[in-house]
Amino acid sequence: MRLRNIPGSREVIAENIWCVQAPETKKGCWQELFGNAHPIHIEIGMGKGQFLMELARRNPEINYVGIEKYSSVLLRALQKMEEAPLDNLRFIRMDAETITEVFAKDEVARIYLNFSDPWPKDRHAKRRLTSREFFARYDKFLQQDGQVEFKTDNVGLFDFSLEQVELAGWRVVDQTRDLHRDERMNQDNIMTEYEERFSALGNPIRKLIAMR
Ligand code: SAM
């Protein structure tokens, strides 16, 4: 997903009204930022934002925050927002490793992880967004009955994630190894960019939902 570095993308993001600057200063105040008491759902590693923008369009009673590490990728989402703005959606450019500095205890009701980078080398396992280290971070700001929803076509990453949920002391409350053929779990599914790409190649899409 990392696009060629686009000159000026950092500057565009620094001035964009949809992109929250110094997000750690909003810790505990996200509902104030949106100006309502609606629940907050986040996507980590949102890429160009296709999934989150459609979700926000369908659910105006929920506030969404999209997190993306690279300016060059986030820029695409900002361009789409300029064309069709959504009041219930904001973006943050950051590495999710420091996400606990941005959201306070119980501030988030749901976390979406879609086609997260697999980090194939064992020594990089802690960087996977479904590692037990990341679940320990999510534990600090996800509401007690909140859930993590994860989709991928990567079998190794999916199996790793199932293990990590248990090791983190969480539960897998639902799962499928072929989402698009699972009528129940696929209901209301919104395809991400990577999901469209990989399912077009014939790869089955895996999904799990984890809770404490
Ligand atoms: N979710 C999108 C989709 O399904 O089409 C994009 C998937 S892409 C493979 C993974 C994205 O996650 C990339 O844009 C990458 O920059 C972002 N990402 C990976 N690790 C991240 C991290 N630690 N913090 C924030 N973004 C991250």
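Biologist: What makes α8 stand out in the lining of the largest pocket?
Modeller: In this predicted model, α8 gives the most to that lining, with three residues.

Biologist: How do you know how much space lies in the largest pocket, and which residues are closest to its centre?
Modeller: The computed volume is about 700 Å³. Of the 37 lining residues, G45, E68, F115, S116 and D117 are the closest to the centre. The elements that give two or more residues to this lining are β1 (40-44), α3 (50-58), β2 (63-68) and α8 (193-200).

Biologist: What makes up the lining of the largest pocket by class?
Modeller: The lining divides into 17 nonpolar, nine polar and 11 charged residues.

Biologist: Where is the ligand, and how do you know?
Modeller: The ligand takes the space of the largest pocket. A molecule is assigned to a pocket because more than half of its atoms lie within 2 Å of the pocket's grid points.

Biologist: Which residues around the ligand come nearest?
Modeller: There are 18 residues around the ligand, and G45, E68, A96, N114 and T192 come nearest. By class, this shell holds eight nonpolar, four polar and six charged residues.

Biologist: What of E43 and Y194?
Modeller: An N or O atom in the side chain of E43 is 3.5 Å from a nitrogen atom of the ligand; the limit reads "within 3.5 Å", so this pair counts as well. For Y194, a backbone N or O atom lies 3.0 Å from an oxygen atom of the ligand. Taken alone, the ligand exposes 590 Å², of which the protein buries 95%.

Biologist: What is the volume of the second largest pocket, and what lines it?
Modeller: Its volume is about 350 Å³. Of its 22 lining residues, L55, Y112, E149, D188 and K207 are the closest to the centre. The elements that give two or more residues are α3, β4 (108-114), β5 (142-152), α7 (183-186) and β7 (206-211). By class, the lining of the second largest pocket has nine nonpolar, five polar and eight charged residues.

Definitions and conventions:
Residues numbered from 1 in each chain as written. Predicted model: local features only at pLDDT ≥ 70, side-chain atom pairs only at ≥ 80, totals over all residues. Heavy atoms only, no water. Near = heavy atom within 4 Å. Polar contact = N/O pair within 3.5 Å; in protein donor to acceptor, adjacent residues only side chain to side chain. Areas by Shrake-Rupley, 256 points an atom, 1.4 Å probe, with all protein chains shown as cover. 1 Å grid on protein atoms, 1.4 Å probe; cavity = no way out; pocket = protein on both sides within 12 Å on 5 of 7 lines; lining within 4 Å. Nonpolar A, V, L, I, M, F, W, Y, C, P; charged D, E, K, R; others polar. Points joined across faces, edges and corners; volume = space filled by probe spheres on them. Helix = DSSP H or I, 4+ residues; strand = E, 2+ residues; numbered from the N terminus.
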